[in-house]
Amino acid sequence: MTDLPDSRLYLVLPQVFEPAGMATRLADIFSHVAIACVRIDLGAADEHAWTQAVNHAIGPCHDAEVALIVTDHFRLVEPLGLDGVHLSAAARTPVREVRKELGPDRIVGASAGASRHQGLVLAEAGADYVGLGPVGDAGALGDAERAGDELFQWWAEMIETPCVAEGGVTVEHAQRLSPWTDFVVPDPSIWDAPDAVDKLSAFETALR
């Protein structure tokens, strides 16, 4: 796909979904919208649920050359053929240890909240990207301190490690932050509609 925006879309799937149906939705999305990465976060679900979700999502993702990663469960990466892991703020294993276990070719991303210091720590530890947020008043990151525009602008000017804007991100946020972010995670409300393509197309347009 050509003419990609500098800032790319990064999807976080809802915590509860029907795997086969989501695989169909993803294939449809990929045929219309440029997506850089998909992340599965099933919270406290058991390993069988994680395996089922990955096994259904990995085909459409890899067919479209979209990276597929999971939250925190880095030991699933190798056996399930995933592209990497995202370490949440609650992750118990530090970036350096996960990098050592997964090697240099897997993606290791991590959340820094709205903290410059934590972001620097994660970048220096070898994270491939650092998540900053929440940006808006809604979203999976809850009621934590908000990551303001100035944080993203500072990051873009000072730090080489890519950053991800996440947490209640609207189309308006995406348009405003696009000069300073490498990836944008649309608010999970996009999954409430039967067809997410129109909503994601609006985000893609906002990033150009």
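Colleague: Which residues of helix H5 (residues 116-124) are buried?

Modeller: This is a predicted model: local features need pLDDT of at least 70, side-chain atom pairs count only at pLDDT 80 or more, and totals for chains, interfaces and linings use all residues. Numbering starts from 1 along each chain as its sequence is written, and side-chain values use heavy atoms, without hydrogens and water. Helices (H or I, at least four residues) and strands (E, at least two) are DSSP runs, numbered from the N terminus. With buried meaning under 20% relative accessible area and exposed over 50% (1.4 Å probe, protein chains only), the buried residues in H5 are Gly119, Leu122 and Ala123.

Colleague: Why do the buried residues of H5 line one face of the helix?

Modeller: An α-helix has 3.6 residues a turn, so residues three or four places apart point the same way. The arc is taken from the directions from the helix axis to the C-beta atoms. His117 and Glu124, on the other side of H5, are exposed. The buried residues line one face because, seen down the axis of H5, they fall within an arc of 100°.

Colleague: Which helices and strands do the buried residues of H5 pack against?

Modeller: Contact means heavy atoms within 4.5 Å. The partners of those buried residues are strand E5 (107-111), strand E6 (129-132), helix H4 (95-102) and helix H6 (149-158).

Colleague: In what order do the eight strands close into a barrel?

Modeller: Two strands pair if DSSP finds at least two bridges between them. E1 (residues 8-12) and E8 (residues 183-186) run parallel and are joined by two bridges. In E8, Phe183 is the bridge partner of Arg8. The pairing in the barrel is parallel, and the order is E1-E2-E3-E4-E5-E6-E7-E8.

Colleague: Which residue in E5 stands opposite Val85?

Modeller: E4 (residues 84-87) and E5 pair in the parallel sense over four bridges. Four of the five residues of E5 are buried, so E5 is largely enclosed by the rest of the structure. The residue opposite Val85 is Val108.
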